[in-house]
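Good morning, and thank you for coming. Please look at the sequence and the structure first.

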Amino acid sequence: MSNLTCQQCKQPIQIDDSLSDLTPSNYELIASSIPKATSGGGGSTRYGTTRQELLAKTPGHPSVKNAWERSQGNNYASDGAATSRRRPGTYAGSANRHRASVAGGESFVLLQDSIVRNIPASPPNGKGKGKEPQQQQEPQQQQQTGQIVSLSPLSHHLRSVTKLYGLLSAKTELDHPLCHECTHLLVGILNKQLEEMTKERDGYIAFEKQIKKEREREGDKALLEGEAQKRLQQLEKEEESALTALLEADRERAILEAEIEQLERDEQQLAEEEAEFWRVYNSLTVAQSEENAKLNSLRAAYAADSAALERLENTNVYNDAFCIGQEGPVFGTINGLRFGRTGTVDGHPVTVEFPEINAAWGQVVLLTHVIARKLDFTFERWRLIPLGSFSKIEATPNGAHYELYDPGELALMQMLHRRRFNTGMVGFLDCLKQLMDHAKSQDPSIQFPDYCIINNDRIGEHSIKLQVSFGSGDETWTRALKSVLRALKGLLLYATR
């Protein structure tokens, strides 16, 4: 198959092995899939684009493009000359007969003039012989056309391929076979044409849509005019109502301007009143600040005085004036004065002198008198006379006075005085018992211990009387006096709570 050449660039081509052996069924399948040729010459321009412009836009080697142009120019020239020498119906009839034979599955093909012209007149091995002139080949073309099948020593496979190429050439605008480069150029040209036709189609579609819109607008023009007339009348009515509203608005505006002027005058007056108000407010605020300062000062002084008063109220002056305590297991003390005769302190025997005892008796009598006065209590049968170290007690029925002190002498007169002293101490116990009973009657919750219970001349278990002879019973008398101080301390707590 080395004698097949490209029908465009005239270069020898090698046929693919898949086309070497075609069965009738494969041939019929390929033939039925080939589209029909479109009308129009191959060299004519379509949609304003020439073949040269499409070839220039197609990528490819310059030598391949030049061979393509030369082959196309030769084919167009030879086809024009052959067509002018044939009758008008000759080529059409040949083509029809060719298509009919192909469609019927015949075993021979009627080749086109371009294929016949490209077959060399001499055998392939005739190298060195020059080409015959075109004028000598033209008279022989008709004879070669009828004898190409019989003269060519082609094999069965070559005839099948040639038949397939003839079918392709009959149904397309280009002659076949084509080489790879020419096919690539052809595909590029066709793609360019497809792009331009697609753009042109889109332009026609847009133009068609625009025409339809214009027709629709022209069809609706009459309807729009009627609506415009109605709209115009409506606008005129709206204009009249708007003018009326404008006049009414002007009147309202004049009224509002008058009201605004009045409001401005009122605002000015209110501003003056506000300024006067703030002046008065500021003066009152200053005066209020001064009064608040005075009030705060008075409140601080009141708080200090209240604290002092509360402190004084909580202070028990009686506890400070009459401090009752204890020294050792026997002696009771009042304001530091030991109230008793004999006892032991830290394991040592102690004897208290009568001047100290007499001073303690003065404090005891004074305390009893103060408690009775605070409780607003009056003793029955007795009246206390506090005179310090020389205090006395008076028997109210007969007015007799009894001393509550002892001079501590051993004279006969002193013995008589001691009897009076004992009588006075018994009378004092009676006064103390009256106070205790009064406190219990006022507050039953008060309970005195057993050593403070008074019965005649005894308080607790001890007698208040002092023995006539010194030294005997002094400790018992001391314990009795201590019980007296304990009873007075309980009464003092009751009276001052």
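**Salt bridges**

A search of the whole structure finds 13 salt bridges, a salt bridge being a side-chain nitrogen of Lys or Arg within 4 Å of a carboxyl oxygen of Asp or Glu. The model is a predicted one, in which local features need pLDDT of at least 70 and side-chain atom pairs count only at pLDDT 80 or more, while totals for chains, interfaces and linings use all residues. Residues are numbered from 1 along each chain as its sequence is written, and side-chain values use heavy atoms, with hydrogens and water left out.

Let me begin with Arg201, which forms a salt bridge with Asp202; their closest N and O atoms are 3.1 Å apart. For burial, the cut-offs on relative accessible area are under 20% for buried, over 50% for exposed, and in between for partly exposed, with a 1.4 Å probe and protein chains only. Arg201, at 48%, is partly exposed, and Asp202, at 38%, is partly exposed as well.

The second pair is Glu380 and Arg381, whose closest N and O atoms lie 3.8 Å apart. Here Glu380 is exposed, at 51% relative accessible area, whereas Arg381 is partly exposed, at 42%. Which residues are linked in a network of salt bridges? They are Glu380, Arg381 and Asp430.

Helices here are DSSP runs of H or I with at least four residues, strands are runs of E with at least two, and both are numbered from the N terminus. Asp437 is partly exposed at 38% relative accessibility, and Lys433 is partly exposed at 33%.

**A nonpolar patch**

I turn now to the surface. Phe277, Trp278 and Tyr281 form a nonpolar patch there, with about 340 Å² of accessible area together. Patches are made of residues with over 30% relative accessible area and no salt bridge; like charges are joined within 9 Å, and nonpolar side chains (Val, Leu, Ile, Met, Phe, Trp, Tyr) within 5 Å. Accessible areas come from the Shrake-Rupley method with a 1.4 Å probe, and for residues only the protein chains shown count as cover. Trp278 sits in helix H10, which covers residues 221-314, and Trp278 is partly exposed, with a relative accessible area of 40%.

**The three-stranded sheet**

Next, please find the open sheet of three strands, ordered S1-S2-S3 with antiparallel pairing. Strand S1 (324-327) and strand S3 (337-339) stand at the edges with a single partner strand each, so one side of each has no neighbour in the sheet. From one strand to the next, the twist averages 40°. Strands count as paired if DSSP finds at least two bridges between them. S1 and strand S2 (residues 331-334) pair over four bridges in the antiparallel sense, and Glu327 stands opposite Phe331 in S2.

Which helices pack on this sheet? Helix H12 (residues 354-374) touches S1, S2 and S3, and its direction makes about 85° with that of S3. Helix H14 (residues 474-496) also touches S1, S2 and S3, and its direction makes about 45° with that of S2. Contact means heavy atoms within 4.5 Å. For the angles, axes are lines fitted to C-alpha atoms, for helices over the stretch in contact, and values run from 0 to 180 degrees between N-to-C directions.

Within helix H12 we find Ile357. Is Ile357 buried or exposed? At 0% relative accessibility, Ile357 counts as buried. Not counting residues up to four places away in sequence, Ile357 touches Arg338, Phe339, Gly340, Arg341, Val352 and Trp477. The C-alpha atoms of Ile357 and Asp406 are separated by 8.4 Å, although these residues are 49 apart along the chain.

**A hairpin, and the whole chain**

Strand S7 (residues 392-395) and strand S8 (residues 400-403) run antiparallel and are joined by four bridges. The bridge partner of Lys392 in S8 is Glu403. This hairpin has four residues between its strands, and Gly399 takes a positive phi near 75°.

Finally, the chain overall. The protein chain holds 14 helices and 11 strands, and 30% of its 497 residues count as buried. The accessible surface comes to about 32100 Å², with 55% belonging to carbon and sulfur atoms.
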